[in-house]
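This report goes through the fold of one protein chain, from its overall make-up to single residues. Please keep the sequence and the model at hand while reading.

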Amino acid sequence: NFIPYGVHPQTDKVYSDLDKLRIVFAGGLKRTKGILELVEAVANIDQNSVELFIYGRMHNSVARQIKERVKNNSNIYIKGFSENIIDEYKKGDLYVYPTYFEGSSKTVFEAMSCGLPVITTFNAGSIVRDNLDGFIVPVNDAYAISEKIQFFLENSMSLVEMGRSAQVFSREFSWEKYAVSVSNIY
């Protein structure tokens, strides 16, 4: 049985005019989180139209590759661990989490709760509904990620609509509901 995590509801997102699409990623910086594909996807988009903020601890296994891919992109920022990631989500426009496998990523729930549409994979174990709260893309596919980011660049109203949908839908997943569901299984 799949029991989705809960999430604390956040205040409604305030949308502003976009000068650059602000993309957020949070998680361990390692290959299985899809970070290399995300960096590659953003590197293939006009640097003047997007920014990528990466939060999390860097794993040695990908440090060299990430730094190599980022060095020519002044719009990709490796920020390290954040004590208050919710504040970073609230500054963002889009959350991208192209993980290879996951039980159920809490970060996706948090980003949705902050009003961000999400690009992720089926393997994230998330509640994202494809074409409603964001997009589900194949694992290990930088081109698909880039294509969906480009969609949001060309369709800013979809960014707002999917973000609102994600926020409203996330409110159906409280920690209380999660506790009851787990208790019912036992």
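**Overall make-up**

The model is a predicted one. Its protein chain holds seven helices and six strands. Read from the N terminus, these elements follow the order β-α-β-α-β-α-β-α-β-β-α-α-α. The chain has 186 residues, and 51% of them are buried. Among contacts in the chain with a separation of 6 or more, 72% are between residues 24 or more positions apart.

**The sheet**

Six strands form an open sheet in the order β3-β2-β1-β4-β5-β6, and the pairing is parallel. Strands β3 (76–80) and β6 (134–137) are the edge strands, each pairing on one side only. From one strand to the next, the twist averages 20°. Strands of a sheet pair through backbone hydrogen bonds, in either a parallel or an antiparallel arrangement.

Within this sheet, strand β1 (residues 21–26) pairs with strand β4 (residues 94–97) in the parallel sense, over two bridges. Ile23 has Leu94 in β4 as its bridge partner. Helix α1 packs on the sheet and touches β1, β2 (50–55), β3 and β4. The direction of α1 makes about 160° with that of β2; angles over 145 degrees count as roughly antiparallel.

How much of α1 is covered? Seven of the nine residues of α1 are buried, so the helix is mostly covered. The buried residues of α1 are Ile35, Leu36, Glu37, Leu38, Val39, Ala41 and Val42. Their cover includes strands β1, β2, β3 and β4, together with helices α2 (60–70) and α5.

The packing partner considered next is α5. The axes of helix α1 (residues 35–43) and helix α5 (residues 142–154) come within 8 Å and cross at roughly 50°. Because of that angle, α1 is oblique to α5. The crossing in which α1 passes α5 is right-handed. On the α1 side, the contact is made by Glu37, Leu38, Glu40, Ala41 and Val42. On the α5 side, Ala142, Ile145, Ser146 and Ile149 take part. By type, the residues of this contact divide into six nonpolar, one polar and two charged. Glu37, Leu38, Ala41 and Val42 of α1 take part in the contact and are also buried.

Most residues other than glycine have a negative phi.

| Residue | Phi | Place |

Is Asn131 buried, exposed or partly exposed? Asn131 counts as partly exposed, because its relative accessibility is 47%.

**Lys106**

Lys106 is found in helix α4 (residues 106–113). With 43% relative accessibility, Lys106 counts as partly exposed, because that class lies between the limits of 20% and 50%. The C-alpha atoms of Lys106 and Ala124 are separated by 9.4 Å, and the two residues are 18 residues apart along the chain.

Note on methods
Residues are numbered from 1 along each chain as its sequence is written. This is a predicted model: local features need pLDDT of at least 70, side-chain atom pairs count only at pLDDT 80 or more; totals for chains, interfaces and linings use all residues. Side-chain values use heavy atoms; hydrogens and water are left out. Helices (H or I, at least four residues) and strands (E, at least two) are DSSP runs, numbered from the N terminus. Buried means under 20% relative accessible area, exposed over 50%, partly exposed in between (1.4 Å probe, protein chains only). Axes are lines fitted to C-alpha atoms, for helices over the stretch in contact, and angles run from 0 to 180 degrees between N-to-C directions. Angles under 35 degrees count as roughly parallel, over 145 as roughly antiparallel, 65 to 115 as roughly perpendicular and the rest as oblique. A crossing is left-handed if the near helix is turned anticlockwise from the far one by less than a right angle, and right-handed if clockwise. Contact means heavy atoms within 4.5 Å. Ala, Val, Leu, Ile, Met, Phe, Trp, Tyr, Cys and Pro count as nonpolar, Asp, Glu, Lys and Arg as charged, and the others, Gly among them, as polar. Two strands pair if DSSP finds at least two bridges between them.
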